[in-house]
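This report looks at how the parts of one protein chain are held together. It covers contacts, cores, disulfides and salt bridges.

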Amino acid sequence: SGGHHSCVLDMNFKIACWGFNNYGACGSGDEHLQTAQPYKEILAPEEFIWRRLFVGKDHTCGVIDGYYAYCWGLNSFGQIGDGTDVDQRNVPVPVTWE
């Protein structure tokens with residue numbers, strides 16, 4: 001569980017998040033919804049599957065095959081790890097290592 005949202009990595013290696021989609025923390029692609037987000041699957045990039053899940057206060061990260069990390073949600077302090085400080089990311093974006 002995060003600050004106001006929860007996510008699950010199920011036995012089929014799918015991630016779904018629900019709750020308060022503040023700053024896109026549920027990763028559904030919806031912008032700053034301040035209402036309850038229903039249970040909604042977060043698609044892994046390309047044909048990969050999710051292996052790990054980490055939920056923060058207003059952001060979430062997942063790791064796919066090959067140990068590539070993707071994050072979404074609040075990014076005002078660069079916590080998404082994509083090299084920017086854009087306010088929010090509404091869908092998973094790759095973490096960059098530079």
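Contact here means heavy atoms within 4.5 Å. This is a predicted model: local features need pLDDT of at least 70, side-chain atom pairs count only at pLDDT 80 or more, and totals for chains, interfaces and linings use all residues. Residues are numbered from 1 along each chain as its sequence is written, and side-chain values use heavy atoms, with hydrogens and water left out.

**Nonpolar cores**

Start with Ile64. Leaving aside residues up to four places away in sequence, Ile64 touches Ala44, Pro45, Phe48, Ile49, Trp50, Arg51 and Tyr70.

Ile64 also belongs to the largest nonpolar core. A nonpolar core is a set of buried Ala, Val, Leu, Ile, Met, Phe, Trp, Tyr and Cys residues joined through side-chain atoms within 4.5 Å. Buried means under 20% relative accessible area, exposed means over 50%, and partly exposed lies in between (1.4 Å probe, protein chains only). The largest core has ten residues: Cys7, Ile15, Cys17, Cys26, Ile42, Ala44, Trp50, Ile64, Tyr70 and Trp72. Two or more of these residues come from β2 (15-20), and likewise from β6. Strands (E, at least two residues) are DSSP runs, as are helices (H or I, at least four), and they are numbered from the N terminus. Another core lies apart, with seven residues, among them Cys61, Cys71, Ile80 and Val95.

**Disulfides**

How many disulfides does the structure hold? There are two. A disulfide is a pair of cysteine sulfur atoms within 2.5 Å.

Cys7 pairs with Cys17, with the sulfur atoms 2.1 Å apart. The torsion about this S-S bond is about 105°, so the Cys7 and Cys17 disulfide is right-handed. Cys7 sits in strand β1 (residues 5-9) and Cys17 in strand β2, so the bond ties together parts ten residues apart in sequence. Both Cys7 and Cys17 are buried.

Cys61 pairs with Cys71, at 2.0 Å between sulfur atoms. The S-S torsion of Cys61 and Cys71 is about 105°, so this disulfide is right-handed. The pair joins distant parts of the chain, with Cys61 in strand β5 and Cys71 in strand β6, ten residues apart. Cys61 and Cys71 are buried.

Counting bonded cysteines along the chain, the pattern is 1-2, 3-4.

Cys26 is buried, at 1% relative accessibility.

**Salt bridges**

A search of the whole structure finds three salt bridges. Each is a side-chain nitrogen of Lys or Arg within 4 Å of a carboxyl oxygen of Asp or Glu.

| Arg51 | Asp65 | 2.7 Å |

Take the pair of Arg51 and Asp65. Arg51 lies in strand β4 (residues 50-55) and Asp65 in the loop between β5 (59-64) and β6 (68-74), so the pair ties together parts 14 residues apart in sequence. Arg51 is partly exposed at 32% relative accessibility. Asp65 is partly exposed at 24%.

Lys57 is exposed, at 55%, whereas Asp58 is buried, at 7%. Arg89 is partly exposed at 22%, and Asp82 is buried at 15%.
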